[in-house]
Amino acid sequence: RRIVVTRARAQAAELAQPLRERGADVLEIPTIKILPPPRLKPVREALSGLHAYDWIVFTSRNGVEAFFQRFFEKFQDLRDIGGVRLAAVGPGTAAAVRAYRLQVDVMPTEALGAKIVQALTDFESIENLRFLLPRAEEANPELPRLLEEKGGIVDDIPFYRTVAESEESAETTA
């Protein structure tokens, strides 16, 4: 079988290699690339105030990688993440968090924004808790809306953006 893998260039091999091992003719044709957000000031502010958050909710592997890339630009020690609890939307995202030797406190059985809110509220009342969502620039607004409806205080911060592979990357500003 011929299979086209359209993931970002840096992520394509992870999917392509197992397919090749199973005999597939794999074409890696990246259609997107992951870039820093257009404005880094909100990212720096969120990291500077990391101690004020109760939860960091990761919704993708890209969010995990973008968060920790910026985290380690600011901090030298993983312990600087403090006592914040961590949630992951699904097993792939949780695995990316665990690769940093961190425990995922909450993960829903189904990888959906609404399900992670339910898993969080099953874990504890989220009223007046502060949430950091390190996500894509154009992320679905459902998750922050649902958290706010349950009384959460949400900072939905773009830590990365996804653009078409053929687009020229715009400059990132402070």
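This is a predicted model: local features need pLDDT of at least 70, side-chain atom pairs count only at pLDDT 80 or more; totals for chains, interfaces and linings use all residues.
**Helix pairs**

The table sets out the axis geometry of the two pairs.

| Helix pair | Axis approach | Crossing angle | Handedness |
|---|---|---|---|
| Helix 2 (residues 41-48) and helix 3 (residues 61-74) | within 10 Å | roughly 70 degrees | right-handed |
| Helix 5 (residues 113-123) and helix 6 (residues 142-149) | within 9 Å | roughly 30 degrees | right-handed |

For helix 2 and helix 3, the axes cross at roughly 70 degrees. That angle makes helix 2 roughly perpendicular to helix 3, since angles of 65 to 115 degrees are classed that way. The crossing of this pair is right-handed. On the helix 2 side, the residues in contact are Val-43, Leu-47 and Ser-48, and they meet Phe-67, Arg-70, Phe-71 and Lys-74 of helix 3. Sorted by class, this contact between helix 2 and helix 3 comprises four nonpolar residues, one polar residue and two charged residues.

For helix 5 and helix 6, the axes come within 9 Å and the crossing angle is roughly 30 degrees. Helix 5 and helix 6 are therefore roughly parallel to each other, because angles under 35 degrees count as such. Their crossing is right-handed. Helix 5 contributes Gly-113, Ala-114, Ile-116, Val-117 and Leu-120 to the contact, and helix 6 contributes Glu-142, Leu-143, Leu-146 and Leu-147. By class, seven of the residues in the contact of helix 5 with helix 6 are nonpolar, one is polar and one is charged.

**Buried face of helix 4**

Helix 4 spans residues 91-98, and its buried residues are Thr-93, Ala-94, Ala-96 and Val-97. These residues cover an arc of only 155 degrees around the axis, so they sit on the same side of helix 4. The elements that cover the buried residues of helix 4 include strand 4 (55-58), helix 3 and strand 5 (85-88).

**A buried loop residue**

Leu-40 belongs to the loop between strand 3 (32-35) and helix 2. Leu-40 has a relative accessible area of 16% and is therefore buried, as the cut-off for burial is under 20%. Along the chain, Leu-40 and Leu-143 are 103 residues apart, and their C-alpha atoms are separated by 22 Å.

Key: Residues are numbered from 1 along each chain as its sequence is written. Side-chain values use heavy atoms; hydrogens and water are left out. Axes are lines fitted to C-alpha atoms, for helices over the stretch in contact, and angles run from 0 to 180 degrees between N-to-C directions. Helices (H or I, at least four residues) and strands (E, at least two) are DSSP runs, numbered from the N terminus. Angles under 35 degrees count as roughly parallel, over 145 as roughly antiparallel, 65 to 115 as roughly perpendicular and the rest as oblique. A crossing is left-handed if the near helix is turned anticlockwise from the far one by less than a right angle, and right-handed if clockwise. Contact means heavy atoms within 4.5 Å. Ala, Val, Leu, Ile, Met, Phe, Trp, Tyr, Cys and Pro count as nonpolar, Asp, Glu, Lys and Arg as charged, and the others, Gly among them, as polar. Buried means under 20% relative accessible area, exposed over 50%, partly exposed in between (1.4 Å probe, protein chains only). The arc is that of the directions from the helix axis to the C-beta atoms.
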